[in-house]
Amino acid sequence: MERIDHNRYLELTRDAALIEADAHGAKVLRLASGNYLKLFRVKRLFSSARIFSYTQRFVRNARLLAARGVPTVVVVADYDIPALERSAVCYQPLAGNTLRSIAATLDAAAIEQLGAFVRGLHDKGIYFRSLHLGNIVLTPDNQLGLIDISDLQVSSRPLHQRRRIRNFRHLLRVAKDRAVLAKYENNLAAGYGDGRVSSAISRYFAPQR
């Protein structure tokens, strides 16, 4: 991780566009180069993020996903910025559109593809707590990939059934995502291809109807 001062940060972010911010300041910037800069702060005094930062997790997860053949962002650099009490990662974005942004165009085939994609993640030992339609990208070559990957765990073995079901709950947590998927619940299940998991997941759709 490269340690940079405030002047270097200002130089790096000159002419950048603010994409996301909160009460504490910028969170995501689009740089003049077209790459993105995502900034992280440690929210609590006692936190594992002070030992293994969110930036380090992001970098590690990008590497692990690429090694498992999952399309994702490409890390260009990572920074420690003491003057801002932040760390940051610079990355090339994953080309395409999030499924949430194209939700109106999603059909049965697209949702079946999504089910197969999630099954592939689970078979590869990938548990993504931030799994939702806003973090899944349909690329120009019709593949699905992941963005915003800090909150991700990778195991050397496929996920067990209980963990698979729990991860699906994250996918269905946002009401507007759940409404889109509910139209094609059977296709989602067919794409996933595991009747035990699909049967358990169907219970999460039922109360929302």
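Predicted model: local features only at pLDDT ≥ 70, side-chain atom pairs only at ≥ 80, totals over all residues.
The largest nonpolar core holds 42 residues, and Leu-99, Leu-114, Ile-136, Leu-146, Ile-149, Phe-168 and Leu-171 are the members that touch the most others. Helix α3, spanning residues 108-123, contributes the largest share of this core, with 5 residues. Another core lies apart from it and comprises 12 residues, including Ala-77, Tyr-79, Ile-81 and Ala-88. In soluble globular proteins, nonpolar side chains tend to be buried together. When neighbours within four places in sequence are set aside, the contacts of Leu-99 are Leu-106, Leu-114, Leu-133, Ile-136, Leu-138 and Leu-144.

Ile-136 also takes part in strand pairing, where Leu-146 of β10 stands opposite. Strand β9 (residues 136-138) runs antiparallel to β10, and 3 bridges join the two. These strands belong to an open sheet of 3 strands, in the order β7-β9-β10 and with antiparallel pairing. The edges of this sheet are β7 (97-98) and β10 (144-146), each of which pairs on one side only. Ser-130 is found in the loop that links β8 (126-128) to β9. With a relative accessible area of 18%, Ser-130 falls under the 20% limit and is therefore buried. Apart from residues up to four places away in sequence, Ser-130 touches Asn-135, Asp-148 and Asp-151.

Strand β4 is largely enclosed by the rest of the structure, because 5 of its 5 residues are buried. Burial extends to both faces of β4: Tyr-36, Lys-38 and Phe-40 lie on one side, while Leu-37 and Leu-39 lie on the other. Strand β3 (residues 25-30) pairs with β4 in the antiparallel sense over 3 bridges, and Leu-29 is placed opposite Leu-37 of β4. The two strands form a hairpin with 5 residues between them, and Gly-34 in the turn has a positive phi of about 100 degrees. β4 also pairs with strand β6 (residues 86-92), again in the antiparallel sense, over 5 bridges. In that pairing, Ser-87 of β6 is the bridge partner of Phe-40.

The second largest pocket contains about 390 Å³ of space. Its lining consists of 18 residues, and those nearest the centre are Val-28, Tyr-36, Tyr-91, Ile-147 and Asp-148. At least two lining residues of this pocket are supplied by each of β2 (17-22), β4 (36-40) and β7.

In helix α6 (residues 185-192), the buried residues are Glu-185, Leu-188, Gly-191 and Tyr-192. Viewed down the axis of α6, these residues fall within an arc of 130 degrees, so they line one face of the helix. An α-helix has 3.6 residues a turn, so residues three or four places apart point the same way. The cover over the buried residues of α6 includes α3, α4 (161-171), α5 (175-182) and α7 (195-205). Asn-187 also lies in α6 and, not counting residues up to four places away in sequence, touches Ala-108, Ile-111 and Glu-112. Asn-187 and Ala-175 are 12 residues apart along the chain, and their C-alpha atoms are separated by 19 Å. Just after α6, Gly-193 adopts a positive phi of about 75 degrees.

Key. Residues numbered from 1 in each chain as written. Heavy atoms only, no water. Core = buried A, V, L, I, M, F, W, Y, C linked by side-chain atoms within 4.5 Å. Buried < 20%, exposed > 50% of the residue type's maximum accessible area, 1.4 Å probe, protein only. Helix = DSSP H or I, 4+ residues; strand = E, 2+ residues; numbered from the N terminus. Contact = heavy atoms within 4.5 Å. Pairing = 2+ DSSP bridges. Arc of directions from axis to C-beta. 1 Å grid on protein atoms, 1.4 Å probe; cavity = no way out; pocket = protein on both sides within 12 Å on 5 of 7 lines; lining within 4 Å. Points joined across faces, edges and corners; volume = space filled by probe spheres on them.
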